[in-house]
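Please look over the chain shown below before reading on. The notes that follow take up a few of its parts in turn.

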Amino acid sequence: MNKYTLLTVLLLAPLSALHAADAPAKPNIIFILADDLAQGDLGCYGQKLIKTPNLDRMAAEGTRYTQAYSGTSVCAPSRTSLLTGLHMGHAPVRSNRGFQVENSPFGGGELPLPATTLTVAQLLKQQGYATACMGKWGMGQFDTTGSPLKKGFDHFFGYNSQVHAHSYFPTNLFCDDQRVELPENANGAKKTYAQNLIQKDVLGWVRRQQERPFFLFYAVTLPHGPCDIDELGEYAQRAGWTPRQQTYAAMVSRLDADVGALLALLKELKLDTSTLVMLAGDNGSSFNAQSEVGKFFDQSMGGKLRGFKRSMYEGGLRQAALARWPGVVPAGRVSDEPWAFWDFLPTAAELTGAKLPAGFQPDGYSLVSFLKGGSAPKRDYFYWELHEGTTGSIQGLRLGDWKAVKNFTDVPTELYDLSKDSGETTNLAAQYPELVAKAEKLMSSARMDNTNFPWRMRSEVKTAAAKAKKKAAGKKRAGE
Ligand SMILES: [Ca+2]
């Protein structure tokens, strides 16, 4: 062995030893984000009709959280919060918003993350991690500052744009920033189910990560609409179920099976004791609790959670959330303590010894001690906002067990006691005006204005929507 070979061996030794050690200095980190999953969809949260054996086992082998909160109640801002450590008062993306670069070869996308916004992937890349995002991105096309490849990910596979992800049988996906053509799906043919390709890419990528610790952000599109799948499996036999109910159940069970295969791969590669795997929904269900899907699968969990996607009530914000890391995260623990997506970046920083840049203050707190079996970090409040075309601007704030919701309608700020009323049925605002005043003050001080997201009353949004509809109808008539 010459001195250069020896030097190479010495340099590589600590890296190759990482996977073999029981308590690695730099564990692998996987965050699986399921799109529009309702907390009650999983067997481990009480679901009786949809089978989720792998996720139920993941919960039994790890910890299940009953009060984990998303960044907000729709996709792009919720993901932004997860990746940036910022809550909605400071996040650069606060709604789903289309964004089109003129003459872009990639087509439309969403409002991009700014160049100056730090992501957890950038932080971990600086720590020597291999990084990948598979599934759905939605935070900037490849020719914008928000490209996943500019936000710390070495590799991307799937849908960049949320709108593109509204097809499960698309005619193309993206591998990094290169189009992967799927001509077999042209003209509405349903030959290749995108999730199958995405899952294959995930498993292949993990298998190739033998030299360095890795961070995988697996942003699964399941079970987001449209209800569509290649195989109904056992649900094809369910008498009395509607096609939509069969399909939705099959999509949740596919999510379960695909996560199961990933966990099995970690075991096969002897990586499961050196890998933290977290899973959560990105926002509440897409379905109203009284709908064909919401009611049939009891997504409100017997009225325990009010509201769904696009709402500031618990059903829009509280997620199914699991963590598994054998030997580190306690097995079989169920925690009712609250935490939120903006805690993920500080958690990853502590786990890997990453130093946050000077001047950067995340809104979240590290969950490392909590994950290991301790208490959740103490904090003054949780804060959410959202600016969607259908809802106008809305705000939510949790203060201890109190929850304030401000819908910017003619109904003033609502107040609920989550310790007795997780279903937010009884508005106690009139009885506790001092608490309402405190919550309103915090809703103001927790946030900074962002010119991309001006406040809009729900009534303004409705008037604008009605005008746009009238104009569109007029154009249609004129064209006929
Ligand atoms: Ca979503």
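The model is a predicted one, and the domain assignment of the chain divides it into domain 1 (24-371) and domain 2 (382-479).

**Helix α3 and its end**

- Helix α3 spans residues 75-84, and because 10 of its 10 residues are buried, the helix is largely enclosed by the rest of the structure.
- The buried residues of this helix are C75, A76, P77, S78, R79, T80, S81, L82, L83 and T84.
- Just after α3 comes G85, which takes a positive phi of about 75°.

**The two domains**

- Taken over C-alpha atoms, the centres of domain 1 and domain 2 are separated by 26 Å.
- To the contact between them, domain 1 contributes 24 residues and domain 2 contributes 23 residues.
- On the side of domain 1 that touches domain 2, the residues fall by class into 11 nonpolar, eight polar and five charged.

**Helices α2 and α6**

- The axes of helix α2 (residues 53-61) and helix α6 (residues 243-268) come within 7 Å of each other, and they cross at roughly 50°.
- From α2, the residues that make the contact are P53, N54, L55 and M58, while α6 supplies D256, A257, V259, G260 and L263.
- Sorted by class, this contact has six nonpolar, two polar and one charged residues.

- Four strands form an open sheet in the order β14-β15-β16-β17, and their pairing is antiparallel.
- At the edges stand β14 (382-388) and β17 (414-417), each of which pairs on one side only.
- When direction is ignored, neighbouring strands of this sheet are turned by 15° against each other on average.
- Strand β15 (residues 392-399) pairs with strand β16 (residues 402-406) in the antiparallel sense, over five bridges.
- Q395 stands opposite K406, a residue in β16.
- Helix α10 (residues 433-445) lies across β15, β16 and β17, and this helix runs at about 120° to β15.

Methods:
Residues are numbered from 1 along each chain as its sequence is written. This is a predicted model: local features need pLDDT of at least 70, side-chain atom pairs count only at pLDDT 80 or more; totals for chains, interfaces and linings use all residues. Domain bounds come from an automatic or database domain assignment. Two residues are in contact if their C-beta atoms, placed from the backbone, lie within 7 Å. Ala, Val, Leu, Ile, Met, Phe, Trp, Tyr, Cys and Pro count as nonpolar, Asp, Glu, Lys and Arg as charged, and the others, Gly among them, as polar. Axes are lines fitted to C-alpha atoms, for helices over the stretch in contact, and angles run from 0 to 180 degrees between N-to-C directions. Helices (H or I, at least four residues) and strands (E, at least two) are DSSP runs, numbered from the N terminus. Two strands pair if DSSP finds at least two bridges between them. A residue is buried if 20 or more other C-beta atoms lie within 10 Å of its own, exposed if 12 or fewer, and partly exposed in between; C-beta atoms are placed from the backbone.
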